[in-house]
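The following note concerns the packing of the helices and the core of the model shown here. Please read the points alongside the coordinates.

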Amino acid sequence: MCGRDAALGPGRVQLLELVGETGSLRAAADRMGMAYMTAWKHVKTLNRRFRSPLVVSKRGGKAGGGAVLTATGQRVVALYHSMEEQSHAAIQKGFRVFQTLLKR
């Protein structure tokens, strides 16, 4: 959370991962079925909310453009996945009890 807004969630993490994988915000957006402008807005929001940018981009042209997941971006993605794993581990006992209450 960043104030009252979510700073990061599974969709934005996937976008960051795909930027890192493809080297392109457009390609990442396409793979997610997301409009390029929506992806661009997410990246701008993320870059504003963190102390240093998570994605840097360069405009196209003859040499072509691109986007790069920064070291901070890589760290944020890894930390997100680590917190996700820790959360899943923390709820396992309660989840097993919960399952016993469900119809089979």
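1. A nonpolar core is a set of buried Ala, Val, Leu, Ile, Met, Phe, Trp, Tyr and Cys residues joined through side-chain atoms within 4.5 Å, where buried means under 20% relative accessible area with a 1.4 Å probe, protein chains only. The largest such core here has 19 residues, and Leu-15, Leu-16, Val-19, Leu-25, Ala-39, Leu-54 and Val-55 have the most contacts inside it. At least two core residues come from each of α1 (10-22), α2 (25-32), α3 (36-49), β2 (66-69) and α4 (71-100); α1 gives the most, five. Helices (H or I, at least four residues) and strands (E, at least two) are DSSP runs, numbered from the N terminus.

2. The model is predicted: local features need pLDDT of at least 70, side-chain atom pairs count only at pLDDT 80 or more, and totals for chains, interfaces and linings use all residues. Residues are numbered from 1 along each chain as its sequence is written, and side-chain values use heavy atoms, with hydrogens and water left out.

3. Beyond its neighbours within four places in sequence, Val-19 is in contact (heavy atoms within 4.5 Å) with Ser-24, Leu-25, Ala-28, Val-55, Ala-67, Val-68 and Leu-69.

4. Pro-10, Val-13, Leu-16 and Glu-17 of α1 meet Val-77, Tyr-80 and His-81 of α4.

5. Residues of α1, including Leu-15, Leu-18 and Val-19, meet residues of α2, among them Leu-25, Ala-28 and Met-32.

Notes. Buried < 20%, exposed > 50% of the residue type's maximum accessible area, 1.4 Å probe, protein only.
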